[in-house]
Amino acid sequence: MAILKVEGVTKLYKDLKALDNVSFEFDKGILSFLGPSGCGKTTLLRSIAGLEIPDAGSISIADKVQTSIEGGVLIPPYSREIGFVFQNYALWPHMTVFKNVAFSLNLRKFPTDVIKRRVLACLDLVGLGGREERYPSQLSGGQQQRVALARSIVLEPQLILLDEPLSNLDAKLREEMRVELKKLIKKVGISALYVTHDQEEAFVISDKVIVMNGGQILQYDAPDELYSHPSDPFVASFIGHSTLVDGNIVKAVGGECVVQIPQFDDATLICAVPRNGATSGPCSVVIKNGDLRLSHEKFSADAINVLEGTMVSRDYRGGLTDHRVQIGTKEVVVTSHRLCPMINVDGEGGKVFLCIDKSAISLIPQANAA
Amino acid sequence: MTWKANRLALRQGSLFPLFASTIAGVVIMTPILVVMWRSFTSGKLGFTVGLHFDNYLRVFFDKDIWPMLSNSVIYAGGSALLGTGVGGLLAWIVARTNTPGKALVELMPLYPLLMPPIMKNIAWILLLAPKSGILNGMLDQFLGISHPVFNAFTMWGMIWTFGIACVPLGYLFLLPVFLSFDPSLEESAYIAGSRPVHTMLHITFPLAIPAFISAFVLNFLRALRSFETPVLQGTPGNIKVFVSRVYDSMALEFNTGLATSYSVVLVILSVITLYFYVRATRFSERYATITGKGYRVRVIDIGPWKYLTFAAVCLYFLVGIAIPFVVLIVVSIIPYFDYETFMTFPAHMGLNNYRTVLRHSSFINGLRNSVLLSVVIAMVTVLAAIVMAFTIHRTRAVGTKIFEFIGTLPLAFPPLVLSVGLVIIFIGTPLYNSLWALGLGLFVAYFPYAFRNASGAMVNIHKELDEAAWVHGAKWRHVFFKVTLPILKPAVGGALFYIFIEAIRNVDVAVLLTAPGLEYGPVTLFEYFRVGQWAEAAAGGVIYLIILIVAVSVAKFAFKMKFSL
């Protein structure tokens, strides 16, 4: 059973296509919508909640049609039996924490003792036991966040929707909360849709990620797949931690190919053929910053993919160090861990050798590149 | 949205609010459309003679049209300039200087709530009347100037009275500008080498100009719509403006065609003014100096100048508040008004006027009707305004933007014009000369204030709060009563109270809709005054004053209400 099925959803704002024929299915777990602002991820989430009405397409939750413009079905948001956590929490300022959380239970006329039990259990779950009589304004941002979460899960819906729920917290709290949020959702055992523009957050929290841009889905994959095999240059650059150059496949032999890179002074690299099996033609080359080796000395003779470059700068950022190396006309970033420093560079402008492991490279044939 | 998506959206909790707003919209539009339509007809009521432009021809070929136009503009412009200028100066004194006695001014925003507009006119006529006026009498008695110097029944007299009434609005518009001014704007001028006075002239005041223009235009519009001053001071001095001409056409000639044609000219002037107001507001948004952070604005030590500003504060307090109050109270306790009796009032003191007034059934009826109706109208108007704002901002029905226009439209129609429309609609029906017609008139006249208030408050409340209720199972009525209304409560309380206060002392809506047996509030005072019963008018006015003081105190202390406008 698919918890969520979206088919051909299109939403127009005047001439702008906020959603452009979006279709996907999702079984269970946590799914993130990742993309830059204006990519349509929030519109998609709100359409699933019934807060936005798409111009075309259909949406089913747990095999029940919720929106079908062609079929004339539009279940109102209040009958969709979902939870929603808003970006600004949207806690009602005139109600206590208890009343905020109990709201949906009260509307459904649960007996008072059941409401009390469930609300208190829910508040305990999010770590806010004993604060039920406070008003939202008396709570910190992190606590308000938890109330919003409690409110969304108190009905025990099959699906909850979270719209950039951590974006109003400061960086440190955000890192704590995303781990806790994931634990909580897993513990309750419901599925969640999670909107974010932060790739790290999406990777930490979700089982699957949908990367969006311009109202379209670019890639729908597990986080590690997204990182190691981006299917689109935009995905690669948005996810970051890699250097992107243009290349040209000149030869392919048994699953591996040779790609020539003009920006590296026409140097060639050997790597696996792209996933679509293309054996020639232009492509984008994604080189992962973390899987590279850097040295003052030449690598041994049997090492492949060795390039010569000039050290530009070394940027220390806590546990990691970014080395910027000029190769041809392109600057390549090499990220090293503190415990295994690759080289000691005396200064800028020194000559260095870069060895690129085959697994550090993935190719995206140009045809895919929009 | 495509029409298919649209039709689906409409079914979701939009129908009832849409229906209620439509009814309110029709009620508002009816008197407006009737005035427009009647201006193209002629003849006495009930004898409609086709569509033509006779009234307009008469209006535009009236030899008085140009003097009337220039009178209107001079009167409105003069009082707006006086009021906004003084108000702005007081705002600056309170916000930025170390003048002693500032507290006298800080109470000022309350003052216009206490004093019914008609009482201000009465007080100033008593003071400035050419023959019997107190000030002219004093000049004669103490300085031997027998020729009357002051005359309330001139353009200057009108500008003076209404200009003083415009001060609080100027003050309220400019105070926030001076109070929440980002200090770094001035500090960077100091760093650049500008001295305090130079900074004030080149940075502080120029940045206040947009707010000044907004306040000026709004005061201009208020003067254009004002009824009491043109009729009580202008007409006796033969200074005609559009409002008094509309009133005369209705009350004396009973020529609805002519009255509506003059009304349309007046409405056109109002619309032009409103247009400038919208422009001015946009202009001031671009000039926004308020960044939302709570600044502690620096008070400047102005040295010996503070005695001058202190004198200015005292002068305003005397002229704007104390003297009219005292004059009214004294006149209300003397048997009849003339200069001699006034100056020797302790010898004639008594409560006779109050007894007389309270024995008049017309006064008692008027008082009862206005208290009753104001309470009902305040509640109905505010509730309807909230529903309309809800329809626009919170439902998905398409085309609700039209309500934004309808809800604001009566602002362009002076209350007198609206009541002209209502007279035309109701005459000959049982509703004519009933509280229903009066109530409708007040509803339409005050709707825009309640609507702007509710709409503004609703825009400020994050839509997510409603949506959160929606996704978690609330239908429209739950959203409205459990979330929207409770959150709006503080803002709504202010509007309720404001409309109550405005309605209870209304003259210009009611004046055409009252009749013997159906009196309304201060209209009775207006009639007293016109037949020369000045002392009774003063006594009746003091009774209204007491009611308003009680109401304002209850609101201020019991409900902790803050007054802004």
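Are Asp248(B) and Lys240(B) buried or exposed? Both residues are buried, where buried denotes under 20% relative accessible area, exposed over 50%, and partly exposed the range in between (1.4 Å probe, protein chains only). Their side chains meet in a salt bridge with an N to O distance of 2.4 Å; a salt bridge is defined as a side-chain nitrogen of Lys or Arg within 4 Å of a carboxyl oxygen of Asp or Glu.

The model is predicted, so that local features require pLDDT of at least 70 and side-chain atom pairs count only at pLDDT 80 or more, while totals for chains, interfaces and linings use all residues. Residues are numbered from 1 along each chain as its sequence is written, chains are lettered from A and ligands numbered from 1 in the order in which they are written, and side-chain values use heavy atoms, with hydrogens and water left out.

Chain A contains eight helices and 21 strands, assigned as DSSP runs (helices: H or I, at least four residues; strands: E, at least two) and numbered from the N terminus. Its C-alpha trace spans about 80 × 50 × 35 Å along the principal axes. Of the 370 residues of chain A, 52% are classed as buried. Among contacts (heavy atoms within 4.5 Å) in chain A between residues at least 6 apart in sequence, 64% join residues at least 24 apart.

Over all chains, the count of salt bridges is 19. One of them joins Glu81(A) to Arg108(A), with the closest N and O atoms 3.5 Å apart. This pair links distant parts of the chain, 27 residues apart: Glu81(A) lies in the loop between strand 6 (73-74) and strand 7 (83-85), and Arg108(A) in the loop between helix 2 (97-107) and helix 3 (112-125). Glu81(A) is partly exposed at 42% relative accessibility, and Arg108(A) is likewise partly exposed at 23%.

A salt bridge also forms between Glu225(A) and Arg275(A), whose closest N and O atoms are 2.9 Å apart. Here the partners are 50 residues apart, with Glu225(A) in helix 7 (residues 223-228) and Arg275(A) in the loop between strand 14 (267-272) and strand 15 (281-288). Glu225(A) is partly exposed, with a relative accessible area of 23%, whereas Arg275(A) is exposed, at 60%.
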